Amino acid sequence: MVSILTHAAMSVPTLLALETSTDVCGVAVHHEGAVQASLSVFKPRAHAAHLLPLVQQALAVTGLTPADLNVVAVSAGPGSFTGLRIGVSAAKGLAQATGAALVAVPTLAALAWRGGSTRPDSHVVLVAQRARKDELYLGAYLSDPEHHALEPVWPARAIVVAEVGPLLQALPTVPVIVMGGGRALLAPALEHMDPPVQSLPDRLTYRASAEAVAVLGMQRFEAGLVESVSSFEPAYLKPFVAKKPSHSAFDRLPF
């Protein structure tokens with residue numbers, strides 16, 4: 001549930017961002033109006049081991065403590081079920097322990113932010129992430145570089161590759177950039193589009209990052225969009241029954 005922040009906002013909030021929705025495990029600190037630290041590890045299935053040490057390192061290099069946090073932002077899905085559970089659990093624990101607001105950043109929007117600055121004109125960033133064998137997590141975002149805006153064209157969804165045609169036909173008639181680990185599955189459907197679609201390479205520059213979560217998380221916080229710490233759940237977009245672990249990684253934090 002998204003709620004509207006009603007208390008008086010602090011002049012320069014300090015935000016901690018967590019990214020665990022893909023193979024990237026990342027932490028960033030947004031402080032004094034800008035991202036001051038961004039640390040990441042690219043290692044599949046290693047979020048539980050690396051996330052909390054990265055939090056401690058990011059706070060240390062910025063000279064901050066958990067008590068300084070006003071906001072915790074988390075990449076909220078869709079993505080790896082396990083990664084999302086780890087990131088959201090840690091974000092909830094930090095928010096509850098420090099009194100910080102919890103902000104959810106849609107994962108595909110954060111990815112689109114990474115690719116949205118590649119053109120100076122208005123364009124669509126189409127983000128395709130692999131879900132299952134013949135399925136994608138798909139999102140489309142209209143980028144307006146002049147106003148530094150990124151707006152969803154339609155809600156992100158899990159979709160069978162064979163059914164993407166109508167969505168592609170509904171895109172605005174502006175240049176399209178496609179990115180994400182599932183972009184190759186879209187190639188047949190995109191090859192006849194006019195103007196031709198630009199495909200961004202799958203390198204670290206365009207992969208998930210805590211920096212993007214920090215920037216978009218601050219925008220959402222300043223817009224008054226915060227989550228309920230007790231009830232928030234990731235946007236899996238596919239059926240999932242969560243199992244409560246016997247121990248939380250958050251229990252190991254030294255505060």
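Modeller: Two strands count as paired if DSSP finds at least two bridges between them. Strands (E, at least two residues) and helices (H or I, at least four) are themselves DSSP runs, numbered from the N terminus. The model is predicted, with local features needing pLDDT of at least 70 and side-chain atom pairs counting only at pLDDT 80 or more, whereas totals for chains, interfaces and linings use all residues. Residues are numbered from 1 along each chain as its sequence is written, and side-chain values use heavy atoms, leaving out hydrogens and water.

The part to look at is the pair formed by strand 3 and strand 4, which run antiparallel and are joined by eight bridges. One of the residues involved is Val29, whose bridge partner in strand 4 is Ala37. In a regular strand, side chains alternate between the two faces of the sheet. Strand 3 and strand 4 make a hairpin with two residues between them. Glu32 sits in this loop, between strand 3 (24-31) and strand 4 (34-42). The phi of Glu32 is near 55 degrees, which is positive in a residue other than glycine. Glu32 counts as exposed because its relative accessibility is 58%; exposed means over 50% relative accessible area, buried under 20%, and partly exposed in between (1.4 Å probe, protein chains only).

Leu237 also has a positive phi, about 65 degrees, without being a glycine. Leu237 belongs to the segment after strand 12 (225-227) and is partly exposed at 38%.

That segment also takes part in salt bridges, where a side-chain nitrogen of Lys or Arg is within 4 Å of a carboxyl oxygen of Asp or Glu. The structure holds two of them. In one, the side chains of Lys92 and Glu233 meet at 4.0 Å, N to O. Lys92 is in helix 2 and Glu233 in the segment after strand 12, so this pair ties together parts 141 residues apart in sequence. Lys92 is buried, with a relative accessible area of 16%. Lys238 and Glu135 form a salt bridge at 2.7 Å, N to O. Here the segment after strand 12 holds Lys238 and strand 8 (residues 135-144) holds Glu135, so parts 103 residues apart in sequence are tied together. Lys238 is buried at 11%, and Glu135 is buried at 16%.

Two loops contain cis peptide bonds. Gly77 and Pro78 are joined by one, with omega about 10 degrees, and Pro78 lies between strand 5 (71-75) and helix 2 (81-98). The bond from Asp194 to Pro195 is cis with omega near 5 degrees; Pro195 lies in the loop between helix 5 (183-190) and strand 11 (198-199).

Asn70, in the loop between helix 1 (47-61) and strand 5, is partly exposed at 23%. A polar atom of the Asn70 side chain lies 2.7 Å from the backbone nitrogen of Thr14.

For the whole protein, there are six helices and 12 strands, and 47% of the 255 residues are buried. Among contacts (heavy atoms within 4.5 Å) between residues at least 6 apart in sequence, 65% join residues at least 24 apart.

Notes. Polar contact = N/O pair within 3.5 Å; in protein donor to acceptor, adjacent residues only side chain to side chain.
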